[in-house]
Amino acid sequence: NLQGYAPICLGLEDFYVRRLYLRIQDCFGRPIASAPDAWFDVVERQSNDNNKTLKRTEKITRCLNLGSYNYLGFAAADEYCTPRAIETLKKFSPSTCSTRVDGGTLTLHNELEEFVAKFVGKPAAVVFGMGYVTNSAILPVLIGKGGLIISDSLNHNSIVNGARGSGATIRVFQHNTPSHLEEVLREQIAEGQPRTHRPWKKIIVVVEGIYSMEGELCKLPEIVAICKKYKAYTYLDEAHSIGAVGKSGRGVCELLGVDTADVDIMMGTFTKSFGSCGGYIAGSKELIQYLKYTCPAHLYATSISPPAAQQIISSIKVILGEDGSSRGAQKLACIRENSNFFRSELQKMGFEVLGDNDSPVMPIMLYNPAKIPAFSRECLKQNVAVVTVAFPATPLLLARARICISASHTKEDLVKALEVISRVGDLVGIKYFPAEPKKE
Ligand code: PMP
């Protein structure tokens with residue numbers, strides 16, 4: 001039973017093996033504390049200069065970071081965002097030390113909510129200090145006993161937690177398979193049955209814009225159509241898609257041509273494309289007002305940190321070109337180009353790469369979890385840091401290396417990384433397809 005042995009590891013070095021070893025020691029009755037270092041031998045980030053410097057054990061090694069969610073490169077000193085965030089830090093300090101309703105709301109928070117609503121294309125929004133909490137605290141407010149949540153089988157743990165905490169009945173549909181979603185819905189209600197004449201008080205279908213372990217885009221147009229047909233609400237988590245995809249960075253609705261009016265609850269985080277902290281829910285004015293009156297994470301939690309809020313506003317301004325430059329449009333074009341280039345080069349080399357075009361998330365399949373330490377260590381030796389993922393975050397024999405591409409990676413960075421990954425791929429034996437012959 002390997003449950004609990006395989007965490008998501010950044011630049012993992014024998015970590016996997018050592019955790020197993022520790023558990024074996026445990027079985028012999030020796031205390032885990034006898035080798036505490038084994039739990040913490042992870043790569044640290046040393047600076048934020050465009051996804052590059054990481055620390056490994058005592059040695060500071062300059063590594064190319066292919067594991068960060070810093071999709072647009074805003075989690076680095078930015079000529080527009082950073083001075084404004086520093087100014088806000090000086091003016092308001094790192095924290096309001098108050099809840100939103102007890103003196104913790106600054107004009108900045110209201111401005112942020114207006115900005116986010118406008119950006120994602122909904123009438124209103126509410127922000128929270130943490131993305132994880134946004135899912136886990138909102139779902140129990142939206143639905144409870146007598147309600148039905150239909151969740152994609154690969155939804156993020158924060159959704160799973162929120163769904164479980166809500167007390168609603170949970171059904172799972174096969175990952176990104178609209179036909180199975182319809183089957184599950186049909187088992188529960190008849191097509192066209194009015195909301196008032198069915199056994200559920202409410203039905204919410206929960207999906208993600210880009211699946212973080214698969215790199216896949218949600219089949220949103222089909223899912224939205226099914227939800228409309230069966231009068232179920234749609235809840236879309238755009239943690240990995242907002243800011244990262246779509247012509248103007250407005251996420252999967254923009255990319256896939258879905259009207260945001262057809263998605264009832266839009267959720268996202270600020271920890272990826274915007275280089276900050278926190279999460280949001282966007283929806284109708286009535287929904288957001290209801291959440292502000294009832295959600296414990298709004299009423300009882302300290303408001304989002306002022307410099308973090310300013311960072312989000314500033315990065316959205318850059319994305320929209322409201323900083324007076326074309327940097328936002330360039331970043332969006334660059335992440336798309338970088339992602340599509342990297343994905344197609346990996347495929348040409350013979351790797352099995354999951355996910356869709358335009359997605360900056362690209363898992364390279366390793367399958368056998370025993371290949372994780374070798375792949376990770378060999379990449380690190382050649383100064384490329386990758387995230388490896390295994391059970392229980394993935395099925396046991398579907399271990400993978402999960403590459404995240406950023407607009408801050410240069411073409412030279414990517415070419416170098418491809419060379420390293422190709423060499424390591426040969427060494428570890430994970431090129432499962434024949435390579436395409438190189439064009440002269
Ligand atoms: N939703 C999804 C789909 C995620 O992948 C994550 C984290 N990566 C979260 C929510 C939680 O967001 P945060 O890290 O901002 O707390």
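User: Which residues come nearest to the ligand, and how is the shell around it to be read?

Analyst: A residue is counted as near a molecule if its C-beta atom, placed from the backbone, lies within 6 Å of it. In this predicted model, 14 residues are around the ligand, and Gly131, Tyr132, Ala239, Thr269 and Thr271 come nearest. The largest share of the shell, 3 residues, comes from helix 6 (residues 131-142), where helices (H or I, at least four residues) and strands (E, at least two) are DSSP runs numbered from the N terminus. The shell divides into 3 nonpolar, 9 polar and 2 charged residues, with Ala, Val, Leu, Ile, Met, Phe, Trp, Tyr, Cys and Pro counted as nonpolar, Asp, Glu, Lys and Arg as charged, and the others, Gly among them, as polar.

User: What numbering and what confidence limits apply here?

Analyst: Residues are numbered from 1 along each chain as its sequence is written. Local features need pLDDT of at least 70 and side-chain atom pairs count only at pLDDT 80 or more, whereas totals for chains, interfaces and linings use all residues. Since pLDDT is the predictor's confidence in each residue, from 0 to 100, it is read residue by residue: the mean for the chain is 88, and 86% of its residues reach 70 or more. Over residues 1-41, however, the pLDDT is below 50, and this stretch has 49 contacts in the model beyond near neighbours in sequence, a contact being two residues whose C-beta atoms, placed from the backbone, lie within 7 Å. For the complex, the predictor gives an ipTM of 0.99 and a pTM of 0.89.

User: Is Ser158 buried or exposed, and which residues does it touch?

Analyst: Burial is a count of neighbours: a residue is buried if 20 or more other C-beta atoms lie within 10 Å of its own, exposed if 12 or fewer, and partly exposed in between, with C-beta atoms placed from the backbone. Ser158, which lies in helix 7 (residues 157-166), is buried because 23 other C-beta atoms are within 10 Å. Leaving aside residues up to four places away in sequence, Ser158 touches Tyr132, Asn135 and Ser136; the C-alpha atoms of Ser158 and Ser136, 22 residues apart along the chain, are separated by 5.2 Å. Across the chain, buried residues make up 47% of the 440 residues.

User: How many residues does helix 16 have, and which of them are buried?

Analyst: The expected span of a helix is 1.5 Å times one less than its number of residues. Helix 16 (residues 411-428) has 18 residues and reaches 25 Å from its first C-alpha to its last, close to the 26 Å expected. Its buried residues are Asp413, Leu414, Ala417, Ile421, Val424, Gly425 and Val428. They are on the same side of helix 16 because they cover an arc of only 105 degrees around the axis, the arc being that of the directions from the helix axis to the C-beta atoms. On the other side, Lys411, Glu412, Val415 and Leu427 are exposed. The cover over the buried residues includes strand 5 (64-65), helix 14 (327-349), helix 15 (371-381) and strand 14 (384-385).

User: Where is Asn383 found, and what is its phi?

Analyst: Asn383 is found in the loop between helix 15 and strand 14, and its phi is near 65 degrees, a positive value in a residue other than glycine. With 16 other C-beta atoms within 10 Å, Asn383 is partly exposed.
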